[in-house]
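Hello,

Here is the structure I promised to pass on to you. Have a look at it first, and then read my notes below.

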Amino acid sequence: MCGIVATVIIGKAFIEGRIVDNVTIEINDLGIITKISKGTFKGRFKEETFNFLKNRLLILPGAIDIHTHMRDFKESYKEDFYSGTSAAAAGGVTIVADMPNTKPKTNTLPVLEMRDKVASEKSVVDYALYYGVPNVKREIMGFERKAIGVKVYPENLFHNCREVFEELIKYVSSKNILTVFHAENPYLFKNDERPLDAEISGAVKVLELHRKYRVKAHITHVTTSYIVKLVKHKGNITIDTCPHYLLLNKEFHLKNKYFRVNPPLRSKNVQENLLKTLSLGKIDAITTDHAPHSSDEKFSEKPKPGFPGLETALPLLLTLTVKNIISLKDVVKLYSSNPAKILELHRYVGKIKEDMFANLAVVDLSEEYTVNSKTFFSKAKHSPFNGWKVRGKVKATFVRGKPVFIDGEIVSKKGYGINVKKYGGVFENVS
Ligand code: NCD
Ligand code: ZN
């Protein structure tokens, strides 16, 4: 890989599954790592140099979050691509994948075009877009030019537009396009309750579809180890869970309606089993399901489900390493290299390696701090983890070799972020 060296980053880095003490990472003007050398660098660089050695900071592969809601459009009061991707950068997240339950819905080709345009004008980190199940067949073909995959909601999985849904599933299966499922069966909801059975029934339905069409399926925000076992035993399906299902339970929700989320928080027992399953390496990825709502909406009689998560996920995961529940290697796998594989971007991101993009999260593992949601970059200035003590502070985030977030500030231009669908094109420029 050639090109002019534009940036040099020096420090302790997580490379090939372990921490290497002194490395020099040379990055070209396209943001691609051209050379990694070990040992203390003694020379001088003309290029922009970032030296993280002196503060003993650790350079990790940048996090990749495959389930977020950037809102924008008519819900810009909750979040927009600028505030949402700024929250991502502050959390060490270098790529966010955005869900299509927007207003208007991202399930037609013109809306997808519009979403890509808005995202490209406002994002500070890179982004991927999901496409929603369309209402008519003519809106199926071609979405994959701009979207990384499809998101299927419970209502798509269990009732509406059967014919279009089947056509879509056949289409994605034929092209091996990622299909992310929110697995819950709405027929099993009881008033406001969404029992575990509804989620299990949803997962069974995904398995059926997987078996029938060989769809490249991913089940998101799984809350129970039962589904992990079921899915891993019966099919080649990937799964993720979120920090809130690992660290919070129904008791929180019973005390405070703020904790409402879909799927809901489960019993303490289910939560603890899920955390154990994570520590055993049975879960493919962590996502935040970053679902920002305004404070008025969250602190009301009937709060909207979900909460922001991008600024807390990596510190919470790093805190689990301090407690020896998971390893640093697990964190990188769960929140970077496996998500890269799921999105089929592993040729470009997910590792600190020559000929890959320099998407990096620089963290201070020794710094303990208290989560203060008032300081969030997200427009949603609240969090289920507000007041929690965490260890592992994000100090800097680089996307394609450029600093995006440094010492508490967003330092890149609005619109720096690109659709990951363009990654291949950037690489073609050099080869
Ligand atoms: C999601 C949101 O707010 O977009 N909320 C959530 O609790 N996960 C929507 C949803 O998945 O129901
Ligand atoms: Zn969601």
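**Notes on the model**

Arg 400 has its place in the loop between β15 and β16; helices (H or I, at least four residues) and strands (E, at least two) are DSSP runs, numbered from the N terminus. This is a predicted model, in which local features need pLDDT of at least 70, side-chain atom pairs count only at pLDDT 80 or more, and totals for chains, interfaces and linings use all residues. Residues are numbered from 1 along each chain as its sequence is written, chains are lettered from A and ligands numbered from 1 in the order in which they are written, and side-chain values use heavy atoms, with hydrogens and water left out.

Arg 400 has a positive phi of about 45° although it is not a glycine. Most residues other than glycine have a negative phi. Arg 400 is also buried, at a relative accessible area of 10% (buried means under 20%, exposed over 50%, partly exposed in between, with a 1.4 Å probe and protein chains only).

The strands on either side, β15 and β16, form a hairpin with two residues between them. They run antiparallel and are joined by four bridges, with Val 399 partnered by Lys 402 in β16. (Two strands pair if DSSP finds at least two bridges between them.) Strand β15 (residues 389-399) also runs antiparallel to β14 (residues 360-370), with eight bridges; there Val 363 has Val 394 as its bridge partner. Eight of the 11 residues of β15 are buried.

Glu 16 is exposed, however, with a relative accessible area of 70%.

Elsewhere there is an open sheet of eight strands with parallel pairing, in the order β6-β7-β8-β9-β10-β11-β12-β13. β6 (63-68) and β13 (285-286) stand at the edges with a single partner strand each, so one side of each has no neighbour in the sheet. Four bridges link β6 to β7 (residues 93-98), and Ala 63 stands opposite Val 93.

Two cis peptide bonds are worth a look. One runs from Lys 103 to Pro 104, with omega near -5°, and Pro 104 is in the loop between β7 and α2 (109-122). The other joins Asn 262 to Pro 263, with omega near -15°; Pro 263 is in the loop between α8 (250-255) and α9 (268-279).

Best wishes
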